[in-house]
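Please look over the sequence and model first.

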Amino acid sequence: MFDLSGKVALVTGGSRGIGRAIGEGLARHGARVVLAYASGEAQAREAVRAVEESGGRAEAVQLDVTSSADVDQRITEIAKRHGRLDILIANAGISVDGLLIRLRDEDLDRILAVNLRGAIASARAAIKPMMRARTGRIVFVSSVVGEMGNAGQTAYSASKAALLGVTKSLAREYASRGVTVNAISPGFIDTDMTAALTDDQKQDISTKIPLGRTGTPVEVAAAAVFLASDEAGYITGQSLRVNGGMYM
């Protein structure tokens with residue numbers, strides 16, 4: 001199951017955390033993976049080495065998702081170089097936490113530029129080769145807080161909630177071209193974003209999760225692999241929650 005042999009996949013924000021785990025998961029199932037990163041070239045190269053050492057195929061590409069021109073150019077180059085682009089995982093994201101009264105305009109603009117406009121720009125560029133091939137998989141990485149909200153994350157929640165609307169609209173637009181569009185909404189996952197929390201904060205959050213623990217990037221990656229596969233060909237416009245029951 002989930003044979004991605006011959007497929008080409010692009011993962012934005014692919015150098016670490018959830019993005020890296022998704023890239024590794026896609027590669028394990030046979031896809032050639034392009035890991036896009038904004039900064040941190042060393043991390044991206046290490047992610048590529050990890051894929052290759054496990055027998056997969058990967059490459060790293062610097063990509064600024066806040067620049068539509070850069071997104072168009074890079075994705076066009078990727079599709080041309082490999083002759084196709086089958087899978088897009090729009091994972092690049094940032095968070096600047098704080099109460100709304102302290103939210104600066106520049107922080108709001110940056111969050112929306114990366115999390116929302118960057119994802120839309122990536123999808124817009126990736127859809128072109130997918131339409132020509134009359135097949136493709138687009139997966140947006142949203143968040144549990146985009147569905148349930150969270151104090152101190154108004155801007156982040158807004159950007160992730162917006163991705164769910166984007167998912168449904170694009171699913172309707174491109175279903176006739178064989179392109180499915182879905183989202184993953186991770187819950188509390190062990191990543192760099194959550195590493196800054198204290199043990200007491202993590203414990204408090206875990207008590208609100210029915211499964212009683214945090215999730216792992218590998219568990220999120222498994223959902224992405226499924227949605228990218230042929231087996232998920234009749235699923236579109238949906239959000240797959242990977243949150244341990246935190247939000248139902």
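Helix H3 and helix H4 cross in a right-handed sense; a crossing counts as right-handed if the near helix is turned clockwise from the far one by less than a right angle, and left-handed if anticlockwise. The model is predicted, and local features need pLDDT of at least 70, side-chain atom pairs count only at pLDDT 80 or more, and totals for chains, interfaces and linings use all residues. Residues are numbered from 1 along each chain as its sequence is written, and side-chain values use heavy atoms, with hydrogens and water left out. Helices (H or I, at least four residues) and strands (E, at least two) are DSSP runs, numbered from the N terminus.

**Helix packing**

- Two packed helices are described by the angle between their axes and the distance between the axes.
- H3 (residues 68–82) packs against H4 at an angle of about 30°, and their axes are 9 Å apart. This makes H3 roughly parallel to H4, where angles under 35 degrees count as roughly parallel, over 145 as roughly antiparallel, 65 to 115 as roughly perpendicular and the rest as oblique. Axes here are lines fitted to C-alpha atoms, for helices over the stretch in contact, and angles run from 0 to 180 degrees between N-to-C directions.
- The axes of H1 and H2 are 10 Å apart, at an angle of about 25°. H1 is therefore roughly parallel to H2, and their crossing is right-handed.
- H1 (residues 17–28) also meets H9 (residues 217–228): the two axes come within 8 Å and cross at roughly 50°. That angle makes H1 oblique to H9, and this crossing is right-handed too.

**The sheet**

- Seven strands form an open sheet in the order S3-S2-S1-S4-S5-S6-S7, with parallel pairing; two strands pair if DSSP finds at least two bridges between them.
- Which strands stand at the edges? They are S3 and S7 (239–242), each with a single partner strand, so one side of each has no neighbour in the sheet.
- From one strand to the next, the twist averages 20°.
- S2 (residues 32–37) and S3 (residues 57–62) run parallel and are joined by six bridges. Val34 stands opposite Glu59 in S3.
- Between S2 and S3 the chain passes through H2 (residues 41–53), in a β-α-β crossover that is right-handed; that is, with the strands pointing away from the viewer, the path from the first strand over the helix to the second runs clockwise.
- S5 and S6 (residues 179–186) are likewise parallel, with six bridges joining them. Ile138 has Val181 in S6 as its bridge partner.

**Helix H4**

- How does the span of H4 compare with what its 29 residues should give? At 1.5 Å a residue, residues 105–133 should span 42 Å, and the end C-alpha atoms are 41 Å apart, which agrees. The expected span is 1.5 Å times one less than the number of residues.
- H4 bends by about 40° at Ala113, the bend being the angle between axes fitted to the seven residues ending there and the seven starting there.

**Positive phi angles**

- Most residues other than glycine have a negative phi.
- Arg134 lies in the loop between H4 and S5 (136–141).
- Phe2 is not a glycine either, yet has a positive phi of about 55°. Phe2 is found in the segment before S1 (8–12).
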